[in-house]
Amino acid sequence: MEQERRVVTVVREFLAEKQYDAIIVSSWQNVYYCSSFTGYGDALLLITKDKKFIITDSRYYVQAEKQSGDYELVKAGAWDRGAVADLILRENIKKVAYEDLAVLYTMYVNFFEKLGVELFGVGDLFLRSRVIKTPEEIAKVEAACDLASAALERTFKYIKAGITEIELAARLEYEMRKAGADKPSFDTIIASGVRGSMPHGTASTKVIEEGDGVTIDFGAFCDGMCSDMTRTVFVGEPSAEMRKIYEIVKEAQQTAIDGYKPGMKGKDMDKLARDVIAGYGYGEYFGHSLGHGVGIDVHEGVPVSQRGEQVLEKGMIFSVEPGIYVPGLGGVRIEDLVTIGDNGKLRMITKAPVRDLLVF
Ligand code: ZN
Ligand code: ZN
């Protein structure tokens with residue numbers, strides 16, 4: 001509640017500054033962000049300088065009252081243009097801001113453009129606000145991380161030769177659901193053996209074999225927030241090169257975490273890890289950014305990349321996930337979430353399982 005009030009203040013300051021009459025919030029992420037409503041995708045919010053409306057249909061009346069009781073409920077389909085146009089007329093609204101980064105062109109043409117108002121894009125208003133987390137949001141991400149870590153530990157005993165990547169993904173997702181996760185925060189990535197060289201190889205029917213490295217990248221979506229974590233483990237003894245690669249990735253991650261200093265930009269932190277990997281001659285095999293922001297979306301602002309000009313600030317949550325991917329051999333990635341706390345200090349949000357090389 002505290003947080004929604006803050007968000008609505010941000011919205012109203014924006015309206016006042018731009019002299020707009022209202023904003024229509026339509027993406028499920030920002031509807032949730034502003035109102036706590038979890039009927040993802042089935043509601044619109046209309047916020048004016050002194051009123052707040054939630055527009056949703058009969059499937060959600062009870063839920064909307066419960067989750068978004070401080071909004072006035074308008075009983076209509078979210079995309080019922082007539083109902084929204086009536087409301088706009090009644091409230092004497094002329095200038096409307098909308099989520100130009102999230103609205104599909106067809107929605108713009110068939111809905112927004114026909115409301116008979118002047119339209120203005122909100123740009124990155126929500127994104128700028130969402131990258132700085134409240135203590136309440138940080139606690140939620142931390143809880144999601146704890147749940148996911150524990151689920152992974154319970155899944156360890158199933159990691160053995162003969163199981164397929166999909167079976168393993170299903171087991172891990174089951175363990176998360178059983179512990180209370182709403183859903184996985186994205187399609188679980190399980191890439192074993194040579195498939196490990198594909199950084200985003202979603203779980204396939206491939207059977208995990210003796211000697212395979214198994215990269216597991218997964219997350220739990222709990223109470224509106226995501227976790228994101230990667231471990232690479234081995235079934236049977238890894239080759240000398242895979243062992244070496246593992247130690248380099250681990251060193252790169254630790255170097256970035258230890259080397260963080262207040263005021264650093266995303267690109268400075270990326271460089272700390274990238275230099276370690278390049279120093280061992282594997283620079284060309286680390287093709288992605290070191291990290292990204294995590295929140296309601298699993299990828300949410302905060303580029304910790306070679307182009308990351310944004311200063312890493314208090315309240316941000318982002319991943320630190322170096323990796324090395326060698327085509328024909330395999331890959332290793334280790335990923336944990338961190339936050340910047342008081343005094344600009346970096347704090348781990350993921351409380352492991354271990355980062356040391358594990359052989360099953
Ligand atoms: Zn991940
Ligand atoms: Zn990630």
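Glutamate 72 touches Lys52, Phe53, Ile54 and Arg90, leaving out residues up to four places away in sequence. Here contact means heavy atoms within 4.5 Å. This is a predicted model, in which local features need pLDDT of at least 70, side-chain atom pairs count only at pLDDT 80 or more, and totals for chains, interfaces and linings use all residues. Residues are numbered from 1 along each chain as its sequence is written, chains are lettered from A and ligands numbered from 1 in the order in which they are written, and side-chain values use heavy atoms, without hydrogens and water.

Stay with glutamate 72 for a moment. Its place is in strand S4 (residues 72-75). Helices (H or I, at least four residues) and strands (E, at least two) are DSSP runs, numbered from the N terminus. Glutamate 72 counts as partly exposed, because its relative accessibility is 43%. The cut-offs are these: buried is under 20% relative accessible area, exposed is over 50%, and partly exposed is in between (1.4 Å probe, protein chains only). Now compare sequence and space. Glutamate 72 and tyrosine 105 are 33 residues apart in sequence, and their C-alpha atoms are 28 Å apart.

Next come two helices. Two packed helices are described by the angle between their axes and the distance between the axes. Helix H1 (residues 2-18) and helix H2 (residues 28-35) have axes that come within 7 Å and cross at roughly 115 degrees. Axes are lines fitted to C-alpha atoms, for helices over the stretch in contact, and angles run from 0 to 180 degrees between N-to-C directions. H1 and H2 are therefore roughly perpendicular to each other. That label covers 65 to 115 degrees; under 35 is roughly parallel, over 145 roughly antiparallel, and the rest oblique. H1 brings Gln3, Glu4, Arg6, Val7 and Val8 to the contact, and H2 brings Tyr33, Cys34 and Ser35. These residues divide into 4 nonpolar, 2 polar and 2 charged. Nonpolar means Ala, Val, Leu, Ile, Met, Phe, Trp, Tyr, Cys and Pro; charged means Asp, Glu, Lys and Arg; the others, Gly among them, are polar.

Serine 129 lies in helix H6 (residues 125-130). It is in contact with Arg6, Val10 and Tyr33, leaving aside neighbours within four places in sequence. Serine 129 is buried, with a relative accessible area of 10%.

Two loop residues have a positive phi. Serine 36 has phi near 70 degrees, a positive value in a residue other than glycine. It is found in the loop between H2 and strand S2 (43-48). At 22% relative accessibility, serine 36 is partly exposed. Asparagine 343 has phi near 60 degrees. Its loop runs between S16 and strand S17 (346-348). Asparagine 343 is exposed, at 67% relative accessibility.

Finally, look at the metal. Which residues coordinate the zinc ion (ligand 1)? The donors are Asp217 (OD), Asp217 (OD), Asp228 (OD) and Glu335 (OE), at 2.0 to 2.6 Å. Donors are N, O and S atoms within 2.8 Å of the metal (3.2 Å for Na, K and Ca); water is not among the atoms, so sites may look incomplete. The 4 donor atoms subtend angles of 54 to 149 degrees, which makes the arrangement irregular. Four donors are tetrahedral if all angles lie between 85 and 135 degrees; four are square planar and six octahedral if opposite donors are over 155 degrees apart and all others between 65 and 115; anything else is irregular. The zinc ion (ligand 1) and the zinc ion (ligand 2) are 3.0 Å apart, and aspartate 228 coordinates both.
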